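These are my notes on one chain, taken while going through the model.

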Amino acid sequence: MAGHTTTSTKMIDEVANGVSANLIRNYKKAQRPLRAAERAKFPHLRVAVLDSATIDMVEVELDRDETRIQRVLDALSTRGRQFPSSGKSLSPAGWAGATDVLNWLLKSFPKLDAPISAAVQQNRSFRWSPPVRTHHPTTVLKKNNREPAKFAYGQFLKSIQYALDGRSNAEYTADMAAKFVLDSLSGQTTVHSAQLAVGILTCLRHVDDIAYLRCAVMVKNLRSVTLIAEEVYGLMRTPSPRLQFERPAPRSIQTGEPMVS
């Protein structure tokens, strides 16, 4: 799901150099002593810099980009990662959903419109269990009249895994989401790449707000922070019913009378 937001090597180098310089200038302010458990695990270290500090520094560097899209994508990637609640991670807990994204957007981009007065709370949900065997298409038609390609399940699954990276139960959710999308295309041996992209986007809106937003920026080609904020408002005003995946129940083995020769 590559798009206009592809990061250039030059930008990556500039951001890395900027963060490194910032760390050197503000090292004493950014560091903190290791806790006892951390010292036991890393005896050669005395102090550490929190992930949250480097996340902030990266966003400062990305804020130099005119569209600010890279900053939002980076935040969805880093702040959108969920960590165990046991306190073992040095990083802050990740965003849970659209409300957290909205709060960050309004804080980071004060010129955005005021938040909606109240979200429409919907507790609807539905369950889905994959068929015993998922049928795959054989051919994918590409955009811009490019040559048709053979459907590659591994590549298709990886695109979903990217969107769910760092989210709770990501591996299982990605596997089930892939089966869900392909099940909706059953009977079609030839599909368009747009069908696959929209299928993933639709599924993720039912599953995970953060993964949906990561995907929406690319699939919908959102070119401004305002458009991304509108997607967040939409998630809050009209949330999709939650899709709950269930593994297929094992099939019972049919038995009969033994054959007598």
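**Terms and overview.** I count as helices the DSSP runs of H or I with at least four residues, and as strands the E runs with at least two, numbered from the N terminus. With that numbering I placed Asn169 in the loop between helix 7 and helix 8. The model is predicted. I found 11 helices and 7 strands in the chain. Of its 261 residues, 38% are buried. The chain exposes about 16,400 Å², and carbon and sulfur atoms supply 53% of that. I also looked at contacts between residues at least 6 apart in sequence: 67% of them join residues at least 24 apart.

Most residues other than glycine have a negative phi. Asn169 has a phi near 55°, which is positive. Asn145 also has a positive phi, near 60°. Asn145 is in the loop between strand 4 and strand 5. Is Asn145 buried or exposed? Its relative accessible area is 78%, and the cut-off for exposed is over 50%, so Asn145 counts as exposed.

**The sheet with strands 4, 5 and 6.** I traced an open sheet of 3 strands, in the order 5-4-6, with mixed pairing. Its edge strands are strand 5 (149–150) and strand 6 (190–192), each of which pairs on one side only. Strand 4, residues 139–141, pairs with strand 5 in the antiparallel sense over 2 bridges. Across that pairing I noted Val140 opposite Ala149. Helix 9 (residues 193–207) packs on the sheet and touches strand 4 and strand 6. The direction of helix 9 makes about 70° with that of strand 6.

**Helix 9.** How many of the 15 residues of helix 9 are buried? I count 11, so the helix is largely enclosed by the rest of the structure. The buried set includes Leu196, Ile200, Leu204 and Val207, and also Arg205 and His206.

**Strands 3 and 7.** Strand 3 (residues 125–128) pairs with strand 7 in the parallel sense over 4 bridges. Trp128 stands opposite Phe245 of strand 7. I then looked at the two faces of strand 7. In a regular strand the side chains alternate between the two faces of the sheet. In strand 7, Leu243 and Phe245 make up the covered face, while Arg242 and Gln244 are on the uncovered one.

**The core.** The largest nonpolar core has 55 residues. Leu105, Phe156 and Phe245 have the most contacts inside it. Among the elements that give two or more residues to this core are helix 5, helix 6, helix 7 (153–164), helix 10 and strand 7 (242–245). Which element gives the most? Helix 8 does, with 9 residues. I listed the contacts of Leu105 beyond four places in sequence: Leu105 touches Val72, Leu112, Val225, Ala229 and Val232.

**Helix 11.** Three of those contacts, Val225, Ala229 and Val232, are among the buried residues of helix 11. Others in the buried set are Ile228, Tyr233 and Met236, along with Glu231. The cover over the buried residues of helix 11 includes helix 5 (69–78), helix 6 (98–108), helix 9 and helix 10 (209–219). The 13 residues of helix 11 (residues 225–237) should span 18 Å, and I found the end C-alpha atoms 18 Å apart, in agreement.

**Helix 8 and Leu182.** I took Leu182, in helix 8, for a closer look. Leu182 has a relative accessible area of 0%, so it is buried. Beyond four places in sequence, Leu182 touches Thr134, His135, His136, Pro137, Phe151, Tyr153 and Phe156. Between Leu182 and His136 I noted 46 residues of separation in sequence and 6.5 Å in space, C-alpha to C-alpha.

Key:
Residues numbered from 1 in each chain as written. Predicted model: local features only at pLDDT ≥ 70, side-chain atom pairs only at ≥ 80, totals over all residues. Heavy atoms only, no water. Pairing = 2+ DSSP bridges. Contact = heavy atoms within 4.5 Å. Axes fitted to C-alpha atoms, helices over the stretch in contact; angles between N-to-C directions. Expected span 1.5 Å × (residues − 1). Buried < 20%, exposed > 50% of the residue type's maximum accessible area, 1.4 Å probe, protein only. Core = buried A, V, L, I, M, F, W, Y, C linked by side-chain atoms within 4.5 Å. Areas by Shrake-Rupley, 256 points an atom, 1.4 Å probe, with all protein chains shown as cover.
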